[in-house]
Amino acid sequence: MSTTLDLHSHSEASEDSRAPLEAYLNWLKLRRAERPVDGVVLTEHRQFNKDADYRALEDRFGILVLKASEVETDYGHVLVFGVTDEMTRRFDFANVHLPAQEVIDEVARMGGVAVPCHPGRPNVGLCEHYAKKPPLENVIAVEVLNGGSRKGEDERSVELAQARGYHAIGGSDSHLVSLIGLCATRFEAEIRTIDDLVRELKSGEYAPVDFRPRRKPVPHATPVEVRQA
Amino acid sequence: MSNANNLTYETVQIGDALGPAEFHLSKDQVRAYAKTCGMWVPRFIDDEGARKEGLPGMITPGNMSLAILSKLVTDWAGSSGARVVRMGTTYRQPVMPDHTLTLQGFVTHKNESDRTAEMDIWIESEEGDRLVIGTATVHFPR
């Protein structure tokens, strides 16, 4: 049984999002035919809410909700899956200059997986840092499909993954309710817990999936009248 | 889907669309806005001046983008009596004039306690990039 998860999303717990989790789940329920995702992973910026309990919402909507984090490092942004108390003691998640190699190695040692996200994005992505610094070691996967990417960014991410032999994931990086689930990752295995997710991310048995609608050509434009100042 | 003629808190539904609405934003419109708002600075006036500031060309003031998005919401609300009580935007990429922009949004949730509807709104480029994204809260009177 396969599982499709949106591995990258931000709820109102992140300072740049106003999307309540309940609205995300309701939206996915409404758009089930277009975005057949089984669950979402909340990757809040620079934090991990250990105590948040979403079981009631999971039961109400029949959608899996897992928790992770998006941290900021000297090689760009990194998703951390399988966050433990040991990790939050070892690293200050609020630090925007975390050492990426240590994050990758220590998270792995503590039983999790660290996945660089939107590597093709300027300033906050791996590609730009690889042009100036040695490549990171022990990277398992990178996010090659990101719902917030601009033209060319995902293409650069795919090139990086292919050149380095990284596995590839996808996520919406949604900060708005209506964008949840547009990009996701399909796993071969069933995933019900964060431990399942970490195990499968290490396995490599997955692929990014794109549910974004094909864009129609912009029709002939109509100028808007404005009064000249 | 609800429509502007009989729009009430009760008829608004989660998933209702705002737009899409396409229009061509001209350089003259941006200059007119910049002049009116006292923002007569190179980046909003001509390509050469903007490039001297390190920009790819003339750009649209952020508060003009906000105003354009607010029109999407107020057009949707029409004469229903509903009013915009909050808007918030994130500027992801410069909005360049002399291009066709697409405005779009969706009602994402409702709050019965204060009779408000929340909506996602954004400005999209011809390539489909979301240049400005945001949310708005609209209040419906009883």
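Reader: What is the volume of the largest cavity?
Author: This is a predicted model, in which local features need pLDDT of at least 70, side-chain atom pairs count only at pLDDT 80 or more, and totals for chains, interfaces and linings use all residues. Residues are numbered from 1 along each chain as its sequence is written, chains are lettered from A and ligands numbered from 1 in the order in which they are written, and side-chain values use heavy atoms, with hydrogens and water left out. A cavity is a set of points, on a 1 Å grid over the protein atoms alone, where a 1.4 Å probe fits but cannot get out; points are joined across faces, edges and corners, and a volume is the space filled by probe spheres set on them. For the largest cavity this comes to about 60 Å³.

Reader: Which strands each supply at least two residues of the lining of the largest cavity?
Author: Lining residues have an atom within 4 Å of a point, and here they include Leu42(A), Glu44(A), Lys67(A) and Ala68(A). Strands are DSSP runs (E, at least two residues), numbered from the N terminus, as are helices (H or I, at least four). The strands asked for are strand 2 (39-45) and strand 3 of chain A.

Reader: How many residues in the lining of the largest cavity are nonpolar?
Author: Ala, Val, Leu, Ile, Met, Phe, Trp, Tyr, Cys and Pro count as nonpolar, Asp, Glu, Lys and Arg as charged, and the others, Gly among them, as polar. In this lining 2 residues are polar and 2 are charged, while the nonpolar ones number 5.

Reader: Which strand gives the most to the lining of the second largest cavity?
Author: This cavity holds about 50 Å³ of space, and both chains line it, with Arg18(A), Leu176(A), Glu118(B) and Met119(B) among the residues. Strand 3 (99-111) and strand 4 (116-124) of chain B each give two or more residues. The most, 3 residues, come from strand 4 of chain B.

Reader: Which residue forms a salt bridge with Arg18(A)?
Author: A salt bridge is a side-chain nitrogen of Lys or Arg within 4 Å of a carboxyl oxygen of Asp or Glu. The rule finds 1 across the interface of chain A and chain B. The closest N and O atoms are 3.4 Å apart, and the partner of Arg18(A) is Glu118(B).

Reader: What area is buried between chain A and chain B?
Author: Contact (heavy atoms within 4.5 Å) takes in 29 residues from chain A and 34 from chain B. Buried area is the accessible area (1.4 Å probe) that two parts lose on being put together, summed over both. Carbon and sulfur atoms give 58% of the total, which is about 2400 Å².

Reader: Which strand gives the most to the lining of the second largest pocket?
Author: A pocket is an open set of points with protein on both sides within 12 Å along at least five of seven lines, and this one has a volume of about 510 Å³. Of its 27 lining residues, those closest to the centre include Asp16(A), His175(A) and Thr90(B). With 5 residues, the most comes from strand 2 of chain B.

Reader: Which residue does a cis peptide bond join to Gly19(B)?
Author: Most peptide bonds are trans. Here omega is about 5 degrees, and the residue joined to Gly19(B) is Pro20(B).
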